[in-house]
Amino acid sequence: MSASFSGKSEALTHGGKDGFVRVRKRDLEKLTTEVMQLREFLPRVLSGDLTEMLHKARRSETKQEHFVQEQLRRECSHLQSRLDAAQAECQKEREEKLLLRDQLWQSGVELQQQADFCSGLGSAACSLLWSSSARDEAVTRWLADGKLQPFLTVAAQTLESFLKSLDVEMKAQTEDHNSHEYQFVLGLVGTIANVAAVTCGRDFLYSSGCFLLDTLIKLLELMKPGIFPKLKVLMLMALYNVSISVKALKYISENKGLVGIIWNLLDDGHWEVSFHCLRLLQSVLLEEDVLLQLGPSLLGPDLQTRVSQFTSSIQPSLRATAQQTLEDLKALRHQSQDTSSVKPQ
């Protein structure tokens, strides 16, 4: 064997799957001894330190887990406390909300009862005022006592409120002639009509109540045919009574909506409305200065045609008034034509 290795101390064969190394027997024994010593003594050296290190590591992990769990527990307890407080607050607010809702409902009921009472009281008071105003001396006394101006102010405010809340298309289907509000407005307008029937009253309306006259005309302009006929009649009566004063007639004739109101109310469909509209038209036709201002729209053939339709009415008063108005229109038209045909000499 020594000859095959040619005196070399160690040799490595190549080309095989496994490799072989030649070492001295003494070195192999030494290596074997050292390995055996390491196997014997290394566990004794390392086992205590390693075990202690493992124990420390486990204790550390346990403490960390306990710390994390304790922290999570505290956070969970804190969140639970906040949740309980929020739920308690929510429950308290829910109870307060239910209580407030009950109080609101009760207040609404009481408010509606008070409103109904006030409406009923106002309606009854206006009805009494309407009846009292039928006497001329009552109107004269109101005017002397300075009570008429506050009444006109309240009446104008009430009619303005009624004007703003007026939905004529809905009212056409739901008109309630027995409601306190409607009776209240009727009482106000009826009282105004009675005040205007007295000389001192109509003069006061012209001098201090022009805003009220404008409101009446605006209401008549907004209410469509067939709506609140009794209220229309009272407003037309009030305007007619005021028109007896020449100054007041000139004032209301300056309102651009007057002619349109006359045209529309003639076709209202309620004979009393048409009757009082014709009376107002007659009053307008009697004043020359008003005719000069409104002549072209009042003296045309279309208006005569409309008025002539009422000359065959079954209502005697309407038929007679229509006949008189038609004669006045024809006379004025002929007069206008004769005046326009006169040539200067």
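Visitor: How do the axes of H5 and H6 cross, and at roughly what angle?
Guide: Keep in mind that this is a predicted model. Helix H5 covers residues 180-196 and helix H6 covers residues 199-208. Their axes come within 6 Å, and they cross at roughly 110 degrees.

Visitor: Is H5 roughly parallel or roughly perpendicular to H6?
Guide: Angles from 65 to 115 degrees count as roughly perpendicular. The crossing here is roughly 110 degrees, so H5 to H6 is roughly perpendicular.

Visitor: Which residues of H6 make the contact with H5?
Guide: By class, this contact has four nonpolar, one polar and one charged residues. H5 brings Ile-192, Val-195 and Ala-196. From H6 come Gly-201, Arg-202 and Leu-205.

Visitor: How many of the 17 residues of H5 are buried?
Guide: Buried residues in H5 include Tyr-182, Val-185, Leu-186 and Gly-187. Ile-192, Val-195 and Ala-196 are on that buried list too. H5 is mostly covered, and the count of buried residues is twelve.

Visitor: How far apart are the end C-alpha atoms of H5?
Guide: Start from the expectation: with 17 residues at 1.5 Å a residue, H5 should span 24 Å. The model agrees with that, as the end C-alpha atoms are apart by 24 Å.

Visitor: Is Ser-133 buried or exposed?
Guide: Ser-133 sits in the loop between helix H1 (25-132) and helix H2 (136-145). Not counting residues up to four places away in sequence, Ser-133 touches Val-139, Trp-142, Gly-190, Thr-191 and Asn-194. Its relative accessibility is 1%, so Ser-133 counts as buried.

Visitor: What is the phi of Phe-228?
Guide: Phe-228 is in the loop between helix H7 (210-222) and helix H8 (229-243), and at 3% relative accessibility it counts as buried. Most residues other than glycine have a negative phi. Phe-228 is not a glycine, yet its phi is positive, about 50 degrees.

Visitor: Among contacts between residues at least 6 apart in sequence, what share joins residues at least 24 apart?
Guide: For some background, buried residues make up 30% of the 345 residues. The protein exposes about 22700 Å², with carbon and sulfur atoms supplying 56% of it. As for those contacts, the share joining residues at least 24 apart is 70%.

Key. Residues are numbered from 1 along each chain as its sequence is written. This is a predicted model: local features need pLDDT of at least 70, side-chain atom pairs count only at pLDDT 80 or more; totals for chains, interfaces and linings use all residues. Side-chain values use heavy atoms; hydrogens and water are left out. Helices (H or I, at least four residues) and strands (E, at least two) are DSSP runs, numbered from the N terminus. Buried means under 20% relative accessible area, exposed over 50%, partly exposed in between (1.4 Å probe, protein chains only). Contact means heavy atoms within 4.5 Å. Axes are lines fitted to C-alpha atoms, for helices over the stretch in contact, and angles run from 0 to 180 degrees between N-to-C directions. Angles under 35 degrees count as roughly parallel, over 145 as roughly antiparallel, 65 to 115 as roughly perpendicular and the rest as oblique. Ala, Val, Leu, Ile, Met, Phe, Trp, Tyr, Cys and Pro count as nonpolar, Asp, Glu, Lys and Arg as charged, and the others, Gly among them, as polar. Accessible areas come from the Shrake-Rupley method with a 1.4 Å probe; for residues, only the protein chains shown count as cover. The expected span of a helix is 1.5 Å times one less than its number of residues.
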